[in-house]
Amino acid sequence: MALRPDEFYDHAVAAADGERRLPLARMTGWDISPFDPAGLRVAPLRPPVLPEPARHGEDPSDCDACRDRDEGIWFNDHWRLARISGVGVPLVLMLYPRDHYDMADLPDELAAELGLLSTRIVRHIQALPHVSRAHVYRVGDGGAHLHVWFFARPEGQTQLYGSWLVIWDDLLPEYPADVAVADAEIVADALVASHGGHRSSAG
């Protein structure tokens with residue numbers, strides 16, 4: 001059984017300094033880190049908050065993802081794919097079920113389709129010129145409606161490898177929107193060909 005919230009906190013704080021600051025992560029020393037470790041400090045670890053605050057959309061009647069169920073670049077009866085604007089990497093897409101599900105309550109048929117869709121979206125993103133990898137993320141702490149992120153890593157930018165990519169994305173200047181829109185349309189067309197559904201010019 002996992003540690004209780006108070007046990008987890010006490011265990012972590014035992015490794016911290018007098019201000020409850022843990023040592024810098026080993027990741028900050030990796031050559032792909034966007035930060036110079038000199039001068040970096042870890043924020044003090046705060047005690048657990050119980051009960052946890054509600055995520056956005058816990059009530060489907062107040063869920064933005066449900067309200068936007070017809071917004072995006074590609075759709076079928078169960079899923080929609082949207083382009084996220086204002087990012088620093090070549091392309092960021094997000095896949096949502098059109099109905100209100102989180103990953104743990106996704107029906108088996110939709111769970112199976114999620115696997116196929118995710119694989120096909122990755123293939124189509126990686127087929128774009130000058131994109132080396134498509135990273136896939138599911139977190140779910142902020143929103144109760146399932147949303148799966150797809151980040152395109154630009155070719156040749158080996159410092160953007162791995163788990164730091166989302167941080168680099170936040171640091172980079174905004175990628176040219178016209179290029180991202182055109183690439184999103186290529187991915188949507190390829191998804192229509194490989195998985196069915198239909199494309200939209202919105203997104």
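## Salt bridges, sheet and a buried aspartate

Asp189 forms a salt bridge with Arg199, and the closest N and O atoms of the two are 2.5 Å apart. Because Asp189 belongs to helix α5 (residues 177-195) while Arg199 belongs to strand β6, this pair ties together parts that are 10 residues apart in sequence. The model is a predicted one, and a search of the whole structure finds 11 salt bridges.

**The sheet and its helix**

- An open sheet is formed by 6 strands in the order β4-β5-β3-β2-β1-β6, with antiparallel pairing.
- The edges are held by β4 (131-137) and β6 (198-199), each of which has a single partner strand, so one side of each is left without a neighbour in the sheet.
- Strand β1 (residues 74-75) and β6 run antiparallel and are joined by 2 bridges, and the bridge partner of Trp74 in β6 is Arg199.
- Helix α3 (residues 108-126) packs on the sheet, where it touches β1, β2 (79-83), β3 (92-97), β4 and β5 (148-154), and its direction makes about 155° with that of β4.

**Salt bridges between separate parts**

- The side chains of Arg69 and Asp99 meet in a salt bridge at 2.9 Å, N to O; since Arg69 lies in the loop between α2 (64-67) and β1, and Asp99 in the loop between β3 and α3, the pair ties together parts that are 30 residues apart in sequence.
- Arg69 counts as partly exposed at 27% relative accessibility, and Asp99 is also partly exposed, at 39%.
- A further salt bridge brings together the side chains of Arg138 and Asp102 at 3.1 Å, N to O; Arg138 lies in the loop between β4 and β5 and Asp102 in the loop between β3 and α3, so this pair ties together parts that are 36 residues apart in sequence.
- Arg138 is partly exposed, with a relative accessible area of 38%, whereas Asp102 counts as buried at 12%.

**A buried aspartate without a salt bridge**

- Asp169, which lies in helix α4 (residues 165-171), is buried yet has no salt bridge, and the nearest side chain of opposite charge, that of Arg83, is 10 Å away.
- The side chain of Asp169 instead reaches the backbone nitrogen of Gly88 at 2.7 Å, and a polar atom of that side chain lies 3.0 Å from the backbone nitrogen of Val89.
- Leaving aside neighbours within four places in sequence, Asp169 is in contact with Val87, Gly88, Val89 and Phe151.

Definitions and conventions: Residues are numbered from 1 along each chain as its sequence is written. This is a predicted model: local features need pLDDT of at least 70, side-chain atom pairs count only at pLDDT 80 or more; totals for chains, interfaces and linings use all residues. Side-chain values use heavy atoms; hydrogens and water are left out. Helices (H or I, at least four residues) and strands (E, at least two) are DSSP runs, numbered from the N terminus. Buried means under 20% relative accessible area, exposed over 50%, partly exposed in between (1.4 Å probe, protein chains only). Lys and Arg count as positive and Asp and Glu as negative; His and the chain ends are not counted. A salt bridge is a side-chain nitrogen of Lys or Arg within 4 Å of a carboxyl oxygen of Asp or Glu. A polar contact is a pair of N or O atoms within 3.5 Å; within protein, one must be able to donate a hydrogen and the other to accept it, and residues adjacent in sequence count only if both atoms are side-chain atoms. Contact means heavy atoms within 4.5 Å. Two strands pair if DSSP finds at least two bridges between them. Axes are lines fitted to C-alpha atoms, for helices over the stretch in contact, and angles run from 0 to 180 degrees between N-to-C directions.
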